[in-house]
Amino acid sequence: MNKTFEIPGFLAVVLVIGLGFKFLPQLSGLWSILAISVIMVSGRQGFGFLSVITLCVIGVTVSALKTESVPFIFLSILPGWVAGYLVTRRSSLGKVLTGGFAAGVIGFGLFWLYKFHVQASQLSMHSIEIAFVDYFKHVFLPTLEASGLDEYYAAQGLTRSVLKGYFDSFLESLTALRPSLYIAESWVRILLGITIGRFLLRSRGLLSSPPFTMHRMAWQLDWVIIAGLALWLVGAHWDLELVNQVGANILFLMVPIAFYFGVSLTFYLIRHWKVRSWVLVVMILVMTFLPIQACLFITVLGVFDPLIDYRNLDGKRGSPA
């Protein structure tokens, strides 16, 4: 498409983002995804155009949200700019996603420092925590009481106060994971924004990516998982709450990534080894009746894939990836 028509299109999208934040702030997630996408796509026109579009998005959001635009700048615009910059470098889809996710973590750190040092406040409860609290208070307990099962459980020692104690313990564990909940939410928006951007850029031959079954986790991420596991265990053993929390948050964020690559490897093995139909049926039954164990096994596959390289086991064990 000619630049004469593209530039007004970009500016129109930027205007929609500003108007969206002004009149429909409840859809902030949608505007965030749109901003990440438009900033990333603008990278195909070069670094200068990327910078102009980024500044325009910052300008309209600051005009619409004032000081409340700071989280949006750190958690959306920064990852979008990093993704756009990598597009200007003709990077692969994997590198763009990695850069976007890394920028999301950095942006969250900056946002957290801003809240602590400038606003003198802590992170508020995440929407997932609020949802669990509402469910326990307004759904679980009333349903238990209405069904008459509360008397049965009370006879077993599970009184309302005991159940509340269990829930408070669960909520405390969830509170320790609050930073990773915010980062994971940011990652979902980044992933959706980059996915939309890739769809728009596919005609330009940008953001190359191998087939899904050939996706393999970078070996460097194994060290991140090892560090998280070490911190989690050390913190638990020596009762170092902060160290334990850091490790738990790292593991919480890394598990879905390892699971994704484990699924990729699983599909590769099924296709490459031409697994028989009855074996597939057994695998489906196992995943149906033992979903946690199956997901854990797939995650472990994803973790060890960079080290063992299962795709090169045909008489080539140890061959380079």
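**Reading contacts between helices**

Author: In this structure, Ile128, Glu129, Phe132, Val133, Phe136, Phe140, Leu141, Leu144 and Glu145 of α6 meet a set of residues in α8, namely Arg160, Leu163, Lys164, Phe167, Phe170, Leu171, Leu174 and Thr175. Here a contact means heavy atoms within 4.5 Å, and the helices (H or I, at least four residues) are DSSP runs numbered from the N terminus, as are strands (E, at least two). The model is a predicted one, in which local features need pLDDT of at least 70 and side-chain atom pairs count only at pLDDT 80 or more, while totals for chains, interfaces and linings use all residues. Residues are numbered from 1 along each chain as its sequence is written, and side-chain values use heavy atoms, with hydrogens and water left out.

Reader: At what angle do α6 and α8 pack, and how far apart are their axes?

Author: Two packed helices are described by the angle between their axes and by the distance between those axes. The axes are lines fitted to C-alpha atoms, for helices over the stretch in contact, and angles run from 0 to 180 degrees between N-to-C directions. For α6 and α8, the latter covering residues 160-176, the angle is about 165 degrees and the axes are 11 Å apart.

Reader: At what angle do α10 and α11 pack, and how far apart are their axes?

Author: Helix α10 (residues 219-237) and helix α11 (residues 241-272) pack at about 145 degrees, and their axes are 7 Å apart. On the α10 side, the residues that meet α11 are Leu221, Val224, Ile225, Gly228, Leu229, Leu231, Trp232, Gly235 and Ala236. They face a set in α11 that includes Val243, Gly247, Ala248, Leu251, Met254 and Ala258.

Reader: How many salt bridges does a search of the whole structure find?

Author: The search finds 5 of them, a salt bridge being a side-chain nitrogen of Lys or Arg within 4 Å of a carboxyl oxygen of Asp or Glu. One of these joins the side chains of Arg178 and Glu129, with an N to O distance of 2.8 Å. This pair ties together distant parts of the chain, since Arg178 belongs to helix α9 (residues 178-201) and Glu129 to helix α6, 49 residues apart.

Reader: Is Arg178 buried or exposed, and is Glu129 buried or exposed?

Author: Relative accessible area settles this: buried means under 20%, exposed over 50%, and partly exposed in between (1.4 Å probe, protein chains only). Arg178 has a value of 13% and therefore counts as buried, and Glu129 is likewise buried, because its relative accessibility is 0%.

Reader: Which residue meets Glu185 in a salt bridge?

Author: The partner of Glu185 is Arg189, and their side chains meet at 3.1 Å, N to O. The two residues are 4 places apart in helix α9, so about one helical turn separates them. Glu185 is partly exposed at 32% relative accessibility, whereas Arg189 is buried at 14%.

A further salt bridge joins the side chains of Arg311 and Asp305, at 2.6 Å from N to O. Arg311 is buried, its relative accessible area being 8%, and Asp305 is buried as well, at 0%.

Reader: Let us turn to the loops. Where does Met125 lie, and which residues does Met125 touch?

Author: Met125 lies in the loop that runs between α5 (93-118) and α6 (127-147), and Met125 is partly exposed, with a relative accessible area of 37%. Leaving aside residues up to four places away in sequence, Met125 touches Ile130, Val133, Arg178 and Tyr182. Tyr182 is 57 residues from Met125 along the chain, yet 9.8 Å separates their C-alpha atoms.

Reader: Is Ser91 buried or exposed?

Author: Ser91 is buried, with a relative accessible area of 12%, and its place is in the loop between α4 (69-88) and α5. Ser91 touches Leu86, Val96 and Leu207, again not counting residues up to four places away in sequence.

Reader: What is the phi of Arg90, and what is the phi of Asp239?

Author: Arg90 has a positive phi of about 55 degrees although it is not a glycine, and Asp239, which is not a glycine either, also has a positive phi of about 55 degrees. Arg90 is found in the loop between α4 and α5, where Arg90 is exposed at 54% relative accessible area. Asp239 sits in the loop between α10 and α11, and Asp239 too is exposed, with a value of 68%.
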